[in-house]
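Here is my notebook from a first look around this structure.

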Amino acid sequence: MNRRTLLTRIVQGFSITGLGFVTYPFLKAWVPSFGQDLGLEIDVSELAPGESKIVHWLGRNLHVIRRTNETIASLTSAEQPLKDPESLESAQPIFATNAYRSLRADIFVGFSNCTHLGCDVVKQDKGFKCPCHQSDYDAAGRVVEGAAAPLNLEVPNYRYISGNLLKLEPSDASDA
Ligand code: FES
């Protein structure tokens with residue numbers, strides 16, 4: 001490498017670095033989430049079977065539930081007719097395209113918004129009910145036949161970062 005090439009590379013390096021310093025503040029101002037970790041950690045260790053809690057994330061509520069063994073068994077027994085039993089039309093990460101709609105059979109995580117007009121659903125013994133037009137969902141957030149809601153509750157993207165600690169993370173995968 002001759003001296004001229006070396007100088008050119010140095011100038012290019014400074015230019016790229018400078019461009020980064022100049023554009024970063026603008027990106028941060030225009031896109032508030034730029035460079036931030038929007039993930040949310042949820043400890044599920046305090047939930048006994050049958051217990052649940054609601055968490056708030058990215059402006060929406062989510063239900064986090066530890067299902068009982070009886071509830072888990074009911075999800076594979078086709079107790080009631082469902083609109084989208086295989087979740088082929090509904091929104092969830094690929095890992096949740098199963099009867100439990102979750103990574104672990106005992107822990108369900110799902111957005112609270114009814115897929116009809118977005119009301120917050122209420123947890124019940126055997127699933128969820130929408131107070132607005134009475135749509136019923138099972139304990140995996142799958143909508144029951146005859147409901148006004150067209151699709152299953154949306155499941156967010158998440159992963160377990162340790163035994164009972166999961167982390168919600170924004171991801172395009174939730175559109176899968
Ligand atoms: S908004 Fe839930 S059934 Fe209409």
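Strands pair here if DSSP finds at least two bridges between them.

**Ground rules.** I noted that this is a predicted model, in which local features need pLDDT of at least 70 and side-chain atom pairs count only at pLDDT 80 or more, while totals for chains, interfaces and linings use all residues. Residues are numbered from 1 along each chain as its sequence is written.

**Overview.** I looked up the secondary structure and got 2 helices and 9 strands for the protein chain. Both are DSSP runs numbered from the N terminus: helices are H or I with at least four residues, strands are E with at least two. Along the sequence I read the pattern α-β-β-β-α-β-β-β-β-β-β.

I then looked at strand 3 and strand 4, which run antiparallel and are joined by 5 bridges. Arg66 stands opposite Ile107 in strand 4.

**Sheet 1-9-8.** I also found an open sheet of 3 strands in the order 1-9-8, again with antiparallel pairing. Its edge strands are strand 1 (40–43) and strand 8 (158–162), each pairing on one side only. Neighbouring strands of this sheet are turned by 30 degrees against each other on average, direction ignored. Strand 8 and strand 9 form a hairpin with 2 residues between them, and 4 bridges join strand 8 to strand 9 (residues 165–168).

**Ser102.** I wondered where Ser102 sits: it is in the loop between helix 2 (69–74) and strand 4 (107–111). Is Ser102 buried or exposed? Ser102 counts as buried because it has 25 C-beta neighbours inside 10 Å. The cut-offs are 20 or more other C-beta atoms within 10 Å for buried, 12 or fewer for exposed, and partly exposed in between, with C-beta atoms placed from the backbone. Leaving aside neighbours within four places in sequence, Ser102 is in contact (C-beta atoms within 7 Å) with Ala96, Ile107, Phe108 and Val109. From Ser102 to Pro156 I have 9.6 Å, C-alpha to C-alpha, across 54 residues of sequence.

**Core.** I looked for the largest nonpolar core, and it has 24 residues. Such a core is a set of buried Ala, Val, Leu, Ile, Met, Phe, Trp, Tyr and Cys residues joined through C-beta atoms within 7 Å. Among those with the most contacts inside it are Val64, Phe108, Val109 and Val121. Strand 3 (60–66), strand 4 and strand 9 each supply at least two residues of this core. Not counting residues up to four places away in sequence, Val121 touches Ser112, Cys114, Phe128, Lys129, Cys130, Tyr137 and Leu153.

**Whole chain.** My last entry: 27% of the 176 residues count as buried.

Methods
Axes fitted to C-alpha atoms, helices over the stretch in contact; angles between N-to-C directions. Contact = placed C-beta atoms within 7 Å.
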